[in-house]
Amino acid sequence: MTQAIVLSYVQAEALLAARQQGQATVEVSPDLGISLVTVELLHEGVTFPGGEHLRWKDIEKIKKSPTNCFVVQGGSIRAIQVFSEYTNRVCSLLPTKHTPSMLIAGFTMHRIVDIDPMQDTLKKIATIAPITGRVLDTATGLGYTAIEAARTAQQVVTIELDPGAQEIARLNPWSRDLFNNAKIQQLMGDAYEVVPTFEDETFDRIIHDPPVFSLAGELYSGVFYRQLFRVLKRGGRLFHYIGDLNSKSSGTVTRGALKRLQEAGFTRVVRRPEAYGVVAYK
Ligand SMILES: C[S@@+](CC[C@H](N)C(=O)[O-])C[C@H]1O[C@@H](n2cnc3c(N)ncnc32)[C@H](O)[C@@H]1O
């Protein structure tokens, strides 16, 4: 299957600069920086190798939209953005200079200030390395943690509440493995309800990367932490993303989370400020 072309202001700027310099062709990424192709520059627009055409007017429009990525289809562009009826929130794919993030109700799903979402993901994953055996990823999002975990794990089970978020992931070139890697099993539902359905001691590693506390307080509750403890194998590890441990608001949430994780049974809970979270050991 040919993949849809997805562009952001980064590629639009490169195309417009090449036109300005009078070039006949230019190398541009058709997938937000994953690969490069040679694009032909014509009077009225550009043509990609597969024959997909894009007008300069639309390229200008992409350049002027720093908070949206666009799919190119049938010669026109469409912003990767949905209104999720499930959550009553707008979800969109947010470009960065490198790996994109998602905006849900104005919150970015990954760290993007002085760090790229992929580096953010690698920091999270590194806290519970080596990642082997069965992994539970409680909140799929764009699937970056699930995809990275699946590089070394035997199986990754990942849960997403919002069909709108899944739709955005489906259009994100950086999320392709979420749909193509047979080691990743995607479940749609509320992690608060789905996790209690798993058998005791099912997982070797758990990645718990929930929305901020104000949007999903139940995913930071003692009841939910006890479920995470129950489904984790003895000797297993949990990474729980919280936010900047040194900030006032996340500091408060962290103190509560540390206490409730210990009460849930975890033997040791350690702050990992570089990954904006904590690691709990069973
Ligand atoms: C911070 S993002 C996860 C980012 C992800 N780890 C990644 O690498 O892209 C949180 C995700 O959890 C989803 N979510 C919110 N509440 C949830 C729930 N109760 N159960 C499962 N997923 C939930 C949100 O829709 C969002 O996609």
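View 1. The structure holds zero disulfides, a disulfide being a pair of cysteine sulfur atoms within 2.5 Å. Cys-69 is in no disulfide, and the nearest cysteine sulfur, that of Cys-91, is 14 Å away. A disulfide is a covalent bond between the sulfur atoms of two cysteines. Cys-69 counts as buried because its relative accessibility is 0%. Cys-91 is also buried, with a relative accessible area of 0%. Buried means under 20% relative accessible area, exposed over 50%, and partly exposed in between, computed with a 1.4 Å probe on protein chains only.

This is a predicted model, in which local features need pLDDT of at least 70 and side-chain atom pairs count only at pLDDT 80 or more, while totals for chains, interfaces and linings use all residues. Residues are numbered from 1 along each chain as its sequence is written, and side-chain values use heavy atoms, with hydrogens and water left out.

**View 2. The largest pocket.** The volume of the largest pocket is about 980 Å³. A pocket is an open set of points on a 1 Å grid over the protein atoms alone, where a 1.4 Å probe fits, with protein on both sides within 12 Å along at least five of seven lines; lining residues have an atom within 4 Å of a point. Grid points are joined across faces, edges and corners, and the volume is the space filled by probe spheres set on the points. The lining has 46 residues, and the closest to the pocket centre are Asp-209, Pro-210, Pro-211, Val-212 and Leu-215. Elements that give two or more residues to this lining include helix H3 (117-126), strand E13 (155-160) and helix H9 (248-264). Helices (H or I, at least four residues) and strands (E, at least two) are DSSP runs, numbered from the N terminus.

**View 3. Around the ligand.** The ligand is surrounded by 23 residues, and the closest are His-110, Glu-160, Asp-190, Ala-191 and Asp-209; a residue is counted if one of its heavy atoms lies within 4 Å. A polar backbone atom of Ala-191 is 2.8 Å from a nitrogen atom of the ligand. For Tyr-144, a backbone N or O atom lies 3.2 Å from a ligand oxygen atom.

**View 4. Ile-115.** Ile-115 is placed in the loop between E11 and H3. Ile-115 counts as buried, at 11% relative accessibility. Ile-115 and Asp-244 are 129 residues apart in sequence and 13 Å apart in space, C-alpha to C-alpha.

Technical notes: Polar contact = N/O pair within 3.5 Å; in protein donor to acceptor, adjacent residues only side chain to side chain.
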